[in-house]
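Hello,

Here is the structure I promised to pass on. Please open it first, then read my notes below.

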Amino acid sequence: MTTRPIVVDHVLFVVGDLAASRRLYTAALAPLGYEELHVQEDGVHYGVEGIDDFAIYQGAPVTTAAHVAFDAADRPSVDAFFEEALSRGATARGEPGVWTQYSERYYAAFVNDLYGNNVEAVWHAPEPVRDAPIRGGVP
């Protein structure tokens with residue numbers, strides 16, 4: 001995972017169907033090493049022990065058209081995030097690959113969650129990734 005100063009302390013999405021969103025995020029974030037940390041009647045917090053940086057809460061208005069990128073430890077984690085998200089109702093926005101407009105080391109995948117939010121998993125490779133599909137455009 002990337003080590004750097006914290007810029008954003010946490011992100012919260014408001015969802016219309018907490019159970020469906022919980023299934024999607026719990027499955028998609030597991031390959032990245034993030035788990036449910038706090039479960040409440042109206043929300044779920046995700047992260048690693050002691051750090052709950054992302055949450056979903058039932059409510060209105062629903063968060064739409066937001067973007068969040070989750071740090072991944074490696075390429076297989078990005079691929080697994082993508083597959084798990086799709087299997088739980090997300091739609092493909094950008095298949096796993098090297099997004100060269102960001103960097104030759106930027107291996108990422110993008111999905112739209114149940115409400116159209118752009119959710120990404122990204123691995124910042126130590127060297128340029130040469131054996132993966134090249135992606136482009138705006139995911």
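In which strand does Trp123 lie? Trp123 sits in strand S8, which covers residues 118–124. Keep in mind that this is a predicted model.

Is Trp123 buried or exposed? Its relative accessible area is 18%. Buried means under 20%, so Trp123 counts as buried. Its contacts reach well along the sequence. Take Arg75 as one case: 48 residues separate Arg75 from Trp123 along the chain, yet their C-alpha atoms are 6.3 Å apart.

Now the overall picture. The protein chain has 2 helices and 9 strands. From the N terminus, the order is β-α-β-β-β-β-α-β-β-β-β. The C-alpha atoms fill a box of roughly 45 × 30 × 25 Å along the principal axes. The radius of gyration is 15 Å. A compact globule of 139 residues would have one near 14 Å, so the chain agrees with that.

Buried residues make up 41% of the 139. Among contacts with a separation of 6 or more, 60% join residues 24 or more positions apart. The chain exposes about 7,400 Å², and carbon and sulfur atoms supply 53% of that area.

Next, charges. The chain has 9 positive and 20 negative charges.

How many salt bridges does a search of the whole structure find? The search finds 5. Three of them are worth a look:

- Arg22 pairs with Glu36, with the closest N and O atoms 2.7 Å apart. This pair links distant parts of the chain: Arg22 is in helix H1 (residues 18–29) and Glu36 is in strand S2 (residues 35–40), 14 residues apart. Both are partly exposed, Arg22 at 32% and Glu36 at 25%.
- Arg88 pairs with Glu84, at 2.8 Å between the closest N and O atoms. Arg88 is partly exposed at 37%, and Glu84 is partly exposed at 28%.
- Glu104 pairs with Arg130, at 3.3 Å from N to O. This pair also links distant parts of the chain, 26 residues apart. Glu104 is in the loop between strands S6 and S7, and Arg130 is in the loop between S8 and S9. Glu104 is partly exposed at 42%, whereas Arg130 is exposed at 63%.

Best wishes

Notes. Residues are numbered from 1 along each chain as its sequence is written. This is a predicted model: local features need pLDDT of at least 70, side-chain atom pairs count only at pLDDT 80 or more; totals for chains, interfaces and linings use all residues. Side-chain values use heavy atoms; hydrogens and water are left out. Helices (H or I, at least four residues) and strands (E, at least two) are DSSP runs, numbered from the N terminus. The radius of gyration is taken over C-alpha atoms; the globule rule is 2.2 Å times the number of residues to the power 0.38. Buried means under 20% relative accessible area, exposed over 50%, partly exposed in between (1.4 Å probe, protein chains only). Contact means heavy atoms within 4.5 Å. Accessible areas come from the Shrake-Rupley method with a 1.4 Å probe; for residues, only the protein chains shown count as cover. Lys and Arg count as positive and Asp and Glu as negative; His and the chain ends are not counted. The place of a charge is taken as NZ of Lys, CZ of Arg, CG of Asp or CD of Glu. A salt bridge is a side-chain nitrogen of Lys or Arg within 4 Å of a carboxyl oxygen of Asp or Glu.
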